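Dear colleague,

Please find below the structure that I am handing over to you. My findings follow directly after it.

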Amino acid sequence: SSPQFHVHILPVFDGVSNGIRASQQLICTNYNVFLSLLATMARHAISDAASDAEQERRRTPPYLSMLDVGANLGECSLWAVALFSAWGAGQPEPLFRFAVSAFEPRVDSAAAFRRSLTDFKASVMQSMGALNSQGLVTSDPSSSIPMVEVREAAVGRKTGFIALQVPTSSRAQASAVDSQHEKLCLGDGTCESVSVRVESLDTHPMLQRDGSGVDLMTLHVQGAELEALQGAGASLASGLVCMILFDFRAIHRSQVDEFARLLRGYSFLVFDQQARNLAGQELKADLVHDFHDVQHRAETTAIGQMAIHRGARCRTSPAVRAARQLA
C-alpha cells in the first residue's frame, strides 16, 4: 500500500492552517504552475527510465535540487517530496535523487514542517520495508526518501538578525518589510515582533562554486524578495540557480525596476505564469515589463512569475526542461 501523508499544521487560528483544515490539501503559493512543473518533471523521469538505453546508462535516478525560501509549513516542498519518493509497488524507486533545503524563520512553523517530514519518512519506510521483505523490491528502503533539511532562518542580503512582524491570524504573512507591517498589522497589536536569524544564500552549500547548483528555487518572503536575491548575487552571476518561482503579492512597486535589472543582469528571462511561449519553443519573450500593467491599481502587484537562467548548465536541468513543455 502507498504511504500515508499526514500534514502537521499549527494548533491555533492561522490562515494557511485553517485552509488546509478546510480543503484537506496543501496550499502552495503559485499552486498551478508549481504542480504543473512537478508533474511534468515526473513524466519526464518516468519516460526516461522506461527507455532501455537510458536504463542501461543510468544506474541511479537523476539528481534534482530545490531551495524553498519562505517554506512556512512546507506546503510546496511536501508536494514534491511525496511525488518524487518511492512509495510502493507502483513506484518502487524514487524518480529523482531529490534534495531540498527549506528556509522558515518561525519556530512553530518549522517544527510543524519537520513533524510532517518525520511522519512521511516513517510511512515510506514501513511501506517499502514490507515490499522489500516480500521480495517485491530490492532497494534499501532508506534510499526511497528525499534529503530534506529545514533551516530556521530568514534569507537576506547578509547574515545576522532581523525583527520579523508576525500577524497572529496569518503567520505565513510574517514580514520584515515596513510597508507590509502597515498593511498587515493595522497598528492595533495584531502582530508580534520576533527576532530571527538571517542567512545569505551565497553561503549555502548548494550554491558554492564547486557544487552542482540548484535546479529550482521557490521564493515567497512577503516583500523581501529583492533582499533575498541580493544575498545570492555571486550564485546568480555564476549560473548556479536555474529557475526561480516568485510570488509578487508583497513586492512594492518602487522595487520592481531594480528587481528586473537584477535578474536581467544575471542572464535570467522572466515570464508571467500565463505565458504560452514556453511550450516547444526557445524562451524568447522577456515579460518582466508586465509588472507595470497592474501598478496603477495598488502599491503591490499580485502577478506570479518564473525566471529561467539562460546558461548552458541549466539547459539540461529537469526544471527548465519541464518549463519548456508547459502550455
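Is F259 buried or exposed? With a relative accessible area of 0%, F259 is buried, where buried means under 20% relative accessible area, exposed over 50%, and partly exposed in between, with a 1.4 Å probe and protein chains only.

Please note that this is a predicted model, in which local features need pLDDT of at least 70, side-chain atom pairs count only at pLDDT 80 or more, and totals for chains, interfaces and linings use all residues. Residues are numbered from 1 along each chain as its sequence is written, and side-chain values use heavy atoms, with hydrogens and water left out.

Aromatic pairs

Three aromatic pairs are found in a search of the whole structure. Rings of Phe, Tyr and Trp (its six-membered ring) pair if their centres lie within 6.5 Å; planes under 30 degrees apart count as stacked, over 60 as edge-to-face, and the rest as tilted. F84 and F98 form an edge-to-face pair, at 5.2 Å centre to centre and with 90 degrees between the planes. F84 belongs to helix α4 (residues 75-84) and F98 to strand β2 (residues 97-103), so this pair ties together parts that are 14 residues apart in sequence. Helices (H or I, at least four residues) and strands (E, at least two) are DSSP runs, numbered from the N terminus. F84 counts as buried at 0% relative accessibility, and F98 is buried with a relative accessible area of 2%.

F259 itself pairs with F246, again edge-to-face, at 5.3 Å centre to centre and 80 degrees between the planes. This pair links strand β8 (residues 243-247), which holds F246, to helix α9 (residues 256-265), which holds F259. F246 is likewise buried, at 0% relative accessibility.

Nonpolar cores

A nonpolar core is a set of buried Ala, Val, Leu, Ile, Met, Phe, Trp, Tyr and Cys residues joined through side-chain atoms within 4.5 Å. The largest has 54 residues, of which F34, M41, F84, F98, M243 and M306 touch the most other members. A second, separate core of 30 residues includes F103, L207, M217 and F268.

Sheet

Strands β4, β6 and β5, in that order, form an open sheet with mixed pairing; two strands pair if DSSP finds at least two bridges between them. The edge strands, each pairing on one side only, are β4 (154-155) and β5 (160-167). β5 runs antiparallel to β6 (residues 191-199), and eight bridges join them.

Yours sincerely
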